[in-house]
Amino acid sequence: MISATPTFLAQSLKRFPGDNFAITFAPLSLTDVYQLADDAANGAVVVMSGMVRNNTEGQAVVALEYQAYEPMAIRIFQQIAAEIHRVWAETTHVVIHHRVGRLQVGEISVLVAVGCPHRSEAFAACQYAIDTLKHNAPIWKKEHWADGSSTWVSIGACEQSEENC
C-alpha cells in the first residue's frame, strides 16, 4: 500500500511533460481527459469520474458547491503525479481535473486519468491519485440539502468516514 504522504520534498518536484492538471468552473469532459492520458505506449488508461450524487447518508442532496485554494491544489496534484511516476515508473500520463462552483446532481466534479503500459499499474495509480487528492488537496465541499439547508464537509472528513468522500 502506498502512503498518502509523498516521500519527497516539494521543492525538488519533478515535472512530467505528459501530465495535465486543472481546476475549473467549466464542465469536465471524459473525452478530453481520456485523450490527454492516451499514448501509444499505454496498454491501459484508467479514468475515475467523481459525480454529484443525490443523497448523503440518506439525506437528499440537490447540489454541491466546491471551493479550492487553486495554487496549492495544483501543487498537490503535481505531488501526486510525481509520486505516481516514482512508484509506477512506466506511467506515461497523469491527468487530474477538478470543478469548483455549484454543481447539480449528476454533474462530474473530478476526473482522474492515468495511462500506463499495464492495467494493474494504471488501476493502482488511479486509486492512489483520487484517494490522496481527497485527503490532501485544499478543496472544500458544501452540500446543499433538499430542505434548503447546507453543510460544509470537513476537509478531514475522508479520514474519518468514507461515506462523505
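This is a predicted model: local features need pLDDT of at least 70, side-chain atom pairs count only at pLDDT 80 or more; totals for chains, interfaces and linings use all residues.
Local features were taken only where pLDDT is at least 70 and side-chain atom pairs only at pLDDT 80 or more, whereas totals for chains, interfaces and linings use all residues. Residues are numbered from 1 along each chain as its sequence is written, and side-chain values use heavy atoms, with hydrogens and water left out.

Aspartate 19 lies in the segment before β1 (20-24); helices (H or I, at least four residues) and strands (E, at least two) are DSSP runs, numbered from the N terminus. Aspartate 19 is buried, a term that denotes under 20% relative accessible area, with exposed meaning over 50% and partly exposed the range in between (1.4 Å probe, protein chains only). Aspartate 19 has no salt bridge, defined as a side-chain nitrogen of Lys or Arg within 4 Å of a carboxyl oxygen of Asp or Glu. The nearest side chain of opposite charge, that of arginine 15, is 8.6 Å away; Lys and Arg count as positive and Asp and Glu as negative, while His and the chain ends are not counted. A polar atom of the aspartate 19 side chain does, however, lie 2.8 Å from the backbone nitrogen of valine 94. Beyond neighbours within four places in sequence, aspartate 19 is in contact (heavy atoms within 4.5 Å) with Ala81, His85, Thr92, His93 and Val94.

Threonine 92 is located in the loop between α2 and β5 and is buried, at a relative accessible area of 19%. The side chains of threonine 92 and asparagine 42 form a polar contact of 2.5 Å. Such a contact is a pair of N or O atoms within 3.5 Å; within protein, one must be able to donate a hydrogen and the other to accept it, and residues adjacent in sequence count only if both atoms are side-chain atoms. Residues touched by threonine 92, apart from those up to four places away in sequence, include Asp19, Asn42, His85 and Cys116.

Histidine 97, in strand β5, is likewise buried, with a relative accessible area of 11%. Its side chain is joined to that of asparagine 20 by a polar contact of 2.6 Å. Among the residues that histidine 97 touches, not counting those up to four places away in sequence, are Asn20, Phe21, Leu36 and Val110. The C-alpha atoms of histidine 97 and alanine 113 are 9.0 Å apart, and the two residues are separated by 16 residues in sequence.

One aromatic pair was counted, under the rule that rings of Phe, Tyr and Trp (its six-membered ring) pair if their centres lie within 6.5 Å, with planes under 30 degrees apart stacked, over 60 edge-to-face and the rest tilted. The ring centres of tryptophan 88 and tyrosine 128 are 6.1 Å apart and the planes stand at 55°, so the pair is tilted. Because tryptophan 88 lies in the loop between α2 (70-87) and β5 (93-99) and tyrosine 128 in helix α3 (residues 119-136), the pair ties together parts 40 residues apart in sequence. Tryptophan 88 is buried at 14% relative accessible area, and tyrosine 128 is buried at 6%.

Strands β8 (residues 139-145) and β9 (residues 150-153) pair in the antiparallel sense over four bridges, where pairing requires at least two DSSP bridges between two strands. Lysine 142 stands opposite tryptophan 152 in β9. Four residues separate the strands of this hairpin, in which glycine 148 takes a positive phi near 95°.
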